[in-house]
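Here is a short briefing to keep beside the model as you look around. We begin with a single residue and then step back to the whole fold.

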Amino acid sequence: MRRSIRGGLVLAGLCVALTAWACDTKDPFLIPTEPTNPITEVFSGTLNQAGAVVHPFSAFGRGTVTLTLTGMDPVTTVGLNLGTWNGTSCFVAVANEASTAGTILTAKIIGAGSVCIRVYDVGNVTDPVAYTLSVVHP
């Protein structure tokens, strides 16, 4: 009888350990990396010579952020940044200083937070440029 109790305790301890391991939130297979319902937002504005425009937005989870410069009139080359927003500044994570209509930037984010897009003149804007951006995010 003693053996079966000891064997049962060992088996119960093993089950508890396996359950704890399976429920460990550090396991990347248990945390979704992409949102189930990504959000698409559209931003537009006008960029002036030597200027910059920032568009902050909120991400609601972890996943991929995809930014597309969907339109620009007149067509020119501008700078485009994707980064984090602290309420006053956009801290660059991904940048492209040779962006034209159709340029795509992507980045992975690890959780909910404030994100930003920055469009800026790299020396090519002489007349105001109207632009449209599309961003898909969690």
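Ser99 is buried, with a relative accessible area of 0%; buried means under 20% relative accessible area, exposed over 50% and partly exposed in between, with a 1.4 Å probe and protein chains only. This is a predicted model, in which local features need pLDDT of at least 70, side-chain atom pairs count only at pLDDT 80 or more, and totals for chains, interfaces and linings use all residues. Residues are numbered from 1 along each chain as its sequence is written, and side-chain values use heavy atoms, with hydrogens and water left out.

**Around Ser99**
- Ser99 sits in strand E5 (residues 90–99); strands (E, at least two residues) and helices (H or I, at least four) are DSSP runs, numbered from the N terminus.
- The Ser99 side chain comes to 3.1 Å from the backbone oxygen of Asn96.
- Beyond its neighbours within four places in sequence, Ser99 is in contact with Leu69, Met72, Thr76, Thr77, Val78 and Leu80, where contact means heavy atoms within 4.5 Å.

**Overall make-up**
- Of the 138 residues, 29% are buried.
- Take the contacts between residues at least 6 apart in sequence: 78% of them join residues at least 24 apart.
- Carbon and sulfur atoms account for 60% of an accessible surface of about 8,500 Å², computed by the Shrake-Rupley method with a 1.4 Å probe.

**The sheet**
- Four strands form an open sheet in the order E1-E8-E3-E6, with antiparallel pairing; two strands pair if DSSP finds at least two bridges between them.
- E1 and E6 are the edge strands, each pairing on one side only.
- Between E3 and E8 there are seven bridges in the antiparallel sense, and Leu69 has Leu133 in E8 as its bridge partner.

**The nonpolar core**
- The largest nonpolar core holds 22 residues, and Leu67, Leu80, Leu82, Ile117, Val119 and Leu133 touch the most other members; such a core is a set of buried Ala, Val, Leu, Ile, Met, Phe, Trp, Tyr and Cys residues joined through side-chain atoms within 4.5 Å.
- At least two residues of this core come from each of several strands, including E1 (39–47), E3 (63–73) and E8 (129–137).
- Leaving aside neighbours within four places in sequence, Leu82 has contacts that include Val65, Leu67, Val92, Leu105, Val115 and Ile117.
- In soluble globular proteins, nonpolar side chains tend to be buried together.

How values were computed:
A polar contact is a pair of N or O atoms within 3.5 Å; within protein, one must be able to donate a hydrogen and the other to accept it, and residues adjacent in sequence count only if both atoms are side-chain atoms.
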